[in-house]
Amino acid sequence: MLLEKILQSQGFGSRKKCQNLIQRGLVKVNGELCDQLKIQFDPQNLELQVGEQVCRYREQVYIALNKPQGYECSHQAQYHFSVFELFPEYLRERGIQTVGRLDQDTTGLILLTDDGKFLQALTHPKRHVDKEYWLATADPITPEQIQALEQGVELRNEKGIFQATQLQQTSEYELRMTIHQGVYHQVKRMLAAVGNKVIELHRHRVGQFALPEELKHGEWIYLTPEQVELATVRTKD
Ligand code: URA
């Protein structure tokens with residue numbers, strides 16, 4: 001594959017812009033300067049350096065971000081920062097999208113990808129994947145509230161019943177719970193439906209993939225194919 005095409009596929013701009021980067025001597029391949037056009041490479045496992053930015057060739061990208069508070073999952077964030085500001089331009093240029101959304105004040109695990117098919121499959125309403133949340137409430141959590149969440153609650157303007165599983169109360173005001181759907185503000189609305197209020201919300205796990213402990217707020221990693229598999233494990237009925 002031509003180097004300029006490889007660079008273009010990785011988000012470094014139009015073919016013309018990539019040719020220009022090469023001719024200006026700004027591109028290294030596997031650590032060696034490459035300022036000639038028309039050179040072909042096998043892109044697999046190629047390490048690219050463009051100016052100061054180093055990246056490995058990836059056909060598609062699958063990313064896990066530990067989302068900080070105050071970031072919206074939209075490109076044109078209105079009142080807060082955008083999660084896309086946390087990524088280098090070449091990844092934004094590849095058109096990465098979040099898999100679903102977290103509220104601006106929710107922290108924790110969010111997946112991003114530029115694989116449209118993967119995104120569609122995972123966000124399909126019929127595809128149920130576990131999502132584990134850790135939350136803090138304004139009022140003490142009662143056994144009745146736990147029971148009601150387990151049994152399922154109705155949410156205004158939504159069809160069906162919304163149940164939580166794997167409930168674990170970790171203190172008077174703290175709860176861990178897993179949900180399977182992903183409707184707007186689901187966790188906050190479920191807690192409101194049982195008479196409480198979420199004041200802190202953190203997503204810990206998607207499918208069987210838990211947020212790696214070492215990933216600080218605002219940090220992200222590329223997922224390995226095994227981690228992608230884990231994150232897409234469907235909910236068991
Ligand atoms: N449920 C919510 O209420 N907010 C989120 O960000 C995610 C799930």
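## The ligand and its shell

Helix α6 (residues 186-193) supplies three residues to the shell around the ligand, the largest share; helices here are DSSP runs of H or I with at least four residues, numbered from the N terminus. This is a predicted model, where local features need pLDDT of at least 70 and side-chain atom pairs count only at pLDDT 80 or more, while totals for chains, interfaces and linings use all residues. Residues are numbered from 1 along each chain as its sequence is written, and side-chain values use heavy atoms, leaving out hydrogens and water.

Who lines the site? Around the ligand are Leu102, Asp103, Thr106, Tyr133, His185, Gln186, Val187, Lys188 and Leu201, each with a heavy atom within 4 Å of it. By class, four are nonpolar, three polar and two charged.

Here are the polar contacts (pairs of N or O atoms within 3.5 Å):

| Residue | Protein side | Ligand atom | Distance |
|---|---|---|---|
| Threonine 106 | side-chain N or O | oxygen | 2.8 Å |
| Histidine 185 | backbone N or O | oxygen | 3.2 Å |
| Glutamine 186 | polar backbone atom | nitrogen | 3.5 Å |

On its own the ligand has 240 Å² of accessible area, and the protein covers 95% of this; such areas come from the Shrake-Rupley method with a 1.4 Å probe.

Now for the domains, whose bounds come from an automatic or database domain assignment. The chain is divided into domain 1 (3-56), domain 2 (62-125 + 209-231) and domain 3 (130-206). Why does the ligand lie between domain 2 and domain 3? Both domains give residues to the shell around the ligand, so it lies between them.

Technical notes. A polar contact is a pair of N or O atoms within 3.5 Å; within protein, one must be able to donate a hydrogen and the other to accept it, and residues adjacent in sequence count only if both atoms are side-chain atoms. Helices (H or I, at least four residues) and strands (E, at least two) are DSSP runs, numbered from the N terminus. Ala, Val, Leu, Ile, Met, Phe, Trp, Tyr, Cys and Pro count as nonpolar, Asp, Glu, Lys and Arg as charged, and the others, Gly among them, as polar.
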